Amino acid sequence: MGIANVVNMCSHLQNASRARLGLTSVPHTKYNLSLALALHRAGFLSFVTRGGKHPPDPATISTFEPEPLTTANVARQRLWVGLKYNSSNGGEPVLARMQAITKPKRPVTAKLDQLQKLARGLDAHPHKGLNLGETIMLTTDLGTLEIREAIERKVGGILLCRVGP
């Protein structure tokens, strides 16, 4: 069920970005959390926080303290993410395109040599090379990483999604 959540998160974030939403939520799962934190590290999201059904106040997001996670409220928890927009480019979304690579019934893996080709912009069958501003998120033994981080650490893994402007 984890990969299906990631696929849903990809389409949800792309739709929220196209709708010009500043704040959106996704279900709180460990796969969604790791992907959201990786997107935050890569600069595609402004913040990631855990909360309930109602969104936190954007003005006080830096001091927002979520309620403690217990077995009674774990099913109601959501991940609230802030989407970024490029003010110098007419308000264009930073995360304009987010396409799932791995499908729930077909995980797509890549070894280090394929990742190196993709990062340089070369095609590694069946995937197209990266364009400017694009990245691929993948899950490895070391957690969810951006493609360049995975190359630095010399690990391959399951390709989750392709993210770009």
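Biologist: Where does Arg20 lie in this predicted model?

Modeller: Arg20 sits in the loop between H1 and strand S1 (23-27).

Biologist: What makes the phi of Arg20 worth a remark?

Modeller: Most residues other than glycine have a negative phi. Arg20 is not glycine, yet its phi is near 65°, a positive value.

Biologist: Why is Arg20 called partly exposed?

Modeller: Its relative accessible area is 43%. Buried means under 20% and exposed means over 50%. The value for Arg20 falls in between, so Arg20 is partly exposed.

Biologist: Which loop holds Lys154, and what is its phi?

Modeller: Lys154 is in the loop between helix H4 (147-152) and strand S10 (157-164). Phi of Lys154 is near 60°, again positive in a residue other than glycine.

Biologist: How do you know whether Lys154 is buried or exposed?

Modeller: Lys154 has a relative accessible area of 62%. The cut-off for exposed is over 50%, so Lys154 is exposed.

Biologist: What is the hand of the crossing, and which residues make the contact?

Modeller: H1 passes H2 in a right-handed crossing. H1 contributes Gly2, Asn5, Val6, Met9 and Leu13. H2 contributes Tyr31, Asn32, Leu35, Ala36 and Leu39.

Biologist: How do the residues of that contact divide?

Modeller: Seven are nonpolar, three are polar and none is charged.

Note on methods. Residues numbered from 1 in each chain as written. Predicted model: local features only at pLDDT ≥ 70, side-chain atom pairs only at ≥ 80, totals over all residues. Heavy atoms only, no water. Left-handed = near helix turned anticlockwise from the far one by under 90°. Helix = DSSP H or I, 4+ residues; strand = E, 2+ residues; numbered from the N terminus. Contact = heavy atoms within 4.5 Å. Nonpolar A, V, L, I, M, F, W, Y, C, P; charged D, E, K, R; others polar. Buried < 20%, exposed > 50% of the residue type's maximum accessible area, 1.4 Å probe, protein only.
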